[in-house]
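Thanks, everyone. Please have a look at the sequence and the model.

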Amino acid sequence: MSRTSVESIGNFYQHYPKVAAIVTASAGGKKNAMAVAWHSSVSREPPLYGVSIATKRFTYRLILQSSEFGINFLPFEAAELVASVGGSGGGEIDKFQRFAIPEERPLKTSVPVLKDAYAAYECKVVDNKTYGDHVWVVGEIVAVHFADNAFTDEGVLDLTKLSPALYLGAELYATTDRQSVRLLDRETYGRR
Ligand SMILES: Cc1cc2nc3c(=O)[nH]c(=O)nc-3n(C[C@H](O)[C@H](O)[C@H](O)COP(=O)(O)O)c2cc1C
């Protein structure tokens with residue numbers, strides 16, 4: 001296979017697909033939701049989750065005001081909702097009203113928890129650091145919501161029951177192939 005080696009990132013999609021998620025926040029009587037592809041678990045103890053958000057996002061303002069955010073993981077059927085909240089500004093419209101987004105009651109914060117999410121974390125901000133044109137916002141997970149039937153007894157997403165929304169870049173969404181799951185025990189494979 002021929003390869004290209006260059007110094008520029010182009011559209012920066014080389015490391016995708018990413019799980020498409022929705023970050024939520026509320027402050028001063030306003031609530032909002034935005035799509036995120038740049039997010040990650042950071043620590044197990046304490047449980048920390050990070051999201052990379054451009055400072056111009058309306059959601060960022062709400063997170064700064066409230067020091068809280070929610071991160072919601074959506075099934076492929078809800079990919080259109082991801083595109084909707086990722087293509088509109090909370091400064092101009094009430095996305096919850098416009099896109100008729102159903103919510104569930106949060107447990108420990110005032111962030112909107114999306115009913116369509118197969119899993120959601122409520123986070124309290126513990127750190128906030130600017131890297132280039134984005135801010136890496138890290139929150140401690142203070143509550144977890146998940147659909148009981150979407151996970152196996154081991155807490156693994158059950159792909160026979162649920163297909164996660166993945167983002168490929170360039171407005172393209174995809175999901176997993178249910179037949180592709182392989183059990184590869186790390187100890188066995190580490191000894192090979
Ligand atoms: C699939 C997808 C992923 C995105 N990922 C991010 C991201 O990780 N960080 C970010 O700042 N913006 C991201 N965006 C852009 C924001 O979701 C978008 O600008 C949104 O309109 C911001 O809304 P707000 O201004 O109401 O907060 C993404 C958009 C899409 C469609």
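Let me begin with the shell around the ligand. Its residues divide into 11 nonpolar, 8 polar and 2 charged. In this count Ala, Val, Leu, Ile, Met, Phe, Trp, Tyr, Cys and Pro are nonpolar, Asp, Glu, Lys and Arg are charged, and the others, Gly among them, are polar.

Two sentences on conventions. This is a predicted model, in which local features need pLDDT of at least 70 and side-chain atom pairs count only at pLDDT 80 or more, while totals for chains, interfaces and linings use all residues. Residues are numbered from 1 along each chain as its sequence is written, and side-chain values use heavy atoms, with hydrogens and water left out.

Back to the ligand. There are 21 residues around it, and Asn32, Ala35, Thr59, Ser88 and Gly90 come nearest; "around" requires a heavy atom of the residue within 4 Å of the molecule. Which elements each supply at least two residues of that shell? They are strand 3 (30-36), strand 5 (48-54) and helix 1 (58-66). Strand 3 gives the largest share, 4 residues. Helices (H or I, at least four residues) and strands (E, at least two) are DSSP runs, numbered from the N terminus.

Now the polar contacts, meaning pairs of N or O atoms within 3.5 Å. Arg57 places a polar side-chain atom 3.0 Å from an oxygen atom of the ligand. For Lys95, a polar side-chain atom is 2.9 Å from a ligand oxygen. Trp38 takes part through its backbone, with a polar atom 3.0 Å from an oxygen of the ligand. On its own the ligand exposes 640 Å², of which the protein buries 87%; the areas are Shrake-Rupley values with a 1.4 Å probe.

Next, the strands. Strand 6 (residues 68-73) pairs with strand 9 (residues 119-131) in the antiparallel sense over 6 bridges; pairing requires at least two DSSP bridges between the strands. In that pair, Phe73 has Ala119 as its bridge partner. Strand 9 also pairs with strand 10 (residues 134-146), antiparallel again, over 12 bridges. Here the bridge partner of Cys123 is Ile141 in strand 10. The hairpin of strands 9 and 10 has 2 residues between the strands, and Gly132 in this hairpin takes a positive phi near 60 degrees.

There is also an open sheet of 3 strands, in the order 1-11-12, with antiparallel pairing.

Last, the backbone. Most residues other than glycine have a negative phi, and most peptide bonds are trans. Phe12 has a positive phi of about 65 degrees although it is not a glycine, and its place is in the segment before strand 1. Another cis peptide bond, between Glu45 and Pro46, has omega of about 0 degrees. Pro46 lies in the loop between strand 4 (39-43) and strand 5.

That is what I have; I can take questions.

How values were computed
Polar contact = N/O pair within 3.5 Å; in protein donor to acceptor, adjacent residues only side chain to side chain.
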